[in-house]
Amino acid sequence: MDEQSPVVKMQAMGMSDAGFPLHLIIVSADKDFNFESLHKKNKRIILINNGIHPGEPDGIDASMLLVRDIAINKYKLPANVVLAIIPVYNIGGCLNRSANYRIDQNGPTEKGFRGNSQNLDLNRDFIKCDSKEAKAFEEIFQLTDPDVFVDNHVSDGADYQHVMTLLTSQHNKLGGDMGEYLNKEFEPALYSSMKQKGYDLVPYVNAFGDTPENGWSEYWDSPRYSSGYSTLWQTFAFVPETHMLKSYDQRVRSTYALMQCFIEFTSTNSEKMKQLRDKAKQSVKTQTDFPISWQLDRSQFKEITYKGYEAGRKPSDVSGLPRLYYDHNKPFEKQVKIYNYYAAKTLSSRKDGGK
Ligand SMILES: [Zn+2]
């Protein structure tokens with residue numbers, strides 16, 4: 001696509017532990033691929049990461065389809081938005097393939113391995129930086145300074161009707177006017193535009209150890225995760241998580257649709273998003289106290305429409321002991337509570353008093 005389209009450029013960016021370079025695909029409607037210049041031209045940058053968990057490759061294929069469709073003018077990338085895409089982040093894990101990884105997942109036939117070539121989970125490495133990938137990511141992140149960051153994944157766990165779930169970086173942790181905007185404007189707009197494209201979004205189903213029909217608390221993404229890391233730099237961050245039991249085709253299409261929603265919202269709200277980020281970057285320079293731990297506030301919640309399947313227990317074919325299953329003959333729709341407020345628990349003060 002780089003060779004065939006003037007709006008697409010691929011460049012090597014840093015090294016991976018596997019000994020192969022990472023890449024960055026830049027898609028820019030006015031054929032400018034220099035980020036310093038793009039920032040000066042007031043472009044909004046969306047950084048998309050794929051294959052950090054290579055067994056979850058939906059974003060890799062969805063990104064290729066998206067870039068192809070932009071290159072052949074099937075999908076018009078707005079003039080004020082530039083895409084920066086890491087095609088595959090965990091290259092070592094992607095090369096380590098088996099049909100037996102993520103065995104319950106509905107395709108593709110062979111999947112990559114979660115750990116990288118050092119067996120590190122790269123989506124836990126954004127602060128400690130034990131991997132070359134994390135160091136390269138920091139360079140990519142500083143270069144692109146994205147307004148929006150998207151890290152495409154596939155979930156496992158509970159069974160439900162939704163194809164796509166969305167982990168939005170925790171809004172209190174992002175904080176200030178940006179956090180408020182993320183919670184009240186950006187995220188609700190994604191829900192309504194995805195609905196128009198035929199997908200009912202729900203928050204990432206964070207109901208481990210329990211079935212989800214009674215609601216759940218929003219995932220708290222610390223900075224060791226990609227989205228938590230990104231919000232440290234005043235970036236709106238999201239982790240789309242398709243549902244592993246849906247067909248690969250459905251999952252890739254929903255990932256594609258959600259990336260369109262990010263592009264369209266960012267283009268429409270470009271100036272507002274820039275103002276919010278500029279203000280947040282200014283205020284962090286003089287901020288003296290920083291929350292370093294958080295606590296769920298159970299007194300606050302929102303209600304969402306959850307489309308699930310009734311759960312039950314039946315004897316396991318292997319052990320004869322009761323096991324959990326979800327009955328596809330018993331779908332239900334229900335309002336459930338999502339506890340999505342966290343309060344700062346511990347503050348850390350700057351020694352230099354913000355100087
Ligand atoms: Zn994942």
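A residue is called buried under 20% relative accessible area, exposed over 50%, and partly exposed in between, using a 1.4 Å probe and protein chains only. With that in hand, here are some points to look at.

1. **Ground rules.** This is a predicted model, in which local features need pLDDT of at least 70 and side-chain atom pairs count only at pLDDT 80 or more, while totals for chains, interfaces and linings use all residues. Residues are numbered from 1 along each chain as its sequence is written, and side-chain values use heavy atoms, with hydrogens and water left out.

2. Trp233 is partly exposed, at 36% relative accessible area. It sits in the loop between α7 (226–231) and β12 (236–243); helices (H or I, at least four residues) and strands (E, at least two) are DSSP runs, numbered from the N terminus. Together with Ile127 and Leu232, Trp233 makes a nonpolar surface patch of about 290 Å². Patches are made of residues with over 30% relative accessible area and no salt bridge, where like charges are joined within 9 Å and nonpolar side chains (Val, Leu, Ile, Met, Phe, Trp, Tyr) within 5 Å. The areas come from the Shrake-Rupley method with a 1.4 Å probe, and for residues only the protein chains shown count as cover.

3. Gln234 is buried, with a relative accessible area of 12%.

4. **The zinc site.** Which protein atoms hold the zinc ion? They are His53 (ND1), Glu56 (OE), Glu56 (OE) and His153 (ND1), at 2.1 to 2.6 Å. Donors here are N, O and S atoms within 2.8 Å of the metal (3.2 Å for Na, K and Ca); water is not among the atoms, so sites may look incomplete. The angles among the four donor atoms run from 54 to 148 degrees, and the site is irregular. Four donors count as tetrahedral if all angles lie between 85 and 135 degrees; four count as square planar and six as octahedral if opposite donors are over 155 degrees apart and all others between 65 and 115; anything else is irregular. Glu56 lies in the loop between β3 (44–49) and α2 (58–71) and His153 in strand β8 (residues 153–155), so this pair ties together parts 97 residues apart in sequence. Glu56 and His153 are both buried.

5. **Salt bridges.** The structure holds 26 salt bridges, each a side-chain nitrogen of Lys or Arg within 4 Å of a carboxyl oxygen of Asp or Glu. In one of them, Asp221 meets Lys173 at 3.4 Å, N to O. Asp221 lies in the loop between β11 and α7 and Lys173 in helix α5 (residues 171–174), so the pair joins parts 48 residues apart in sequence. Both Asp221 and Lys173 are buried. Asp177 forms a salt bridge with Lys279, with the closest N and O atoms 2.2 Å apart. Here Asp177 is partly exposed at 41% relative accessibility, whereas Lys279 is exposed at 51%.

6. **A backbone detail.** Gly107 and Pro108 are joined by a cis peptide bond, with omega about -5 degrees. Pro108 is in the loop between β5 (97–98) and β6 (111–112).
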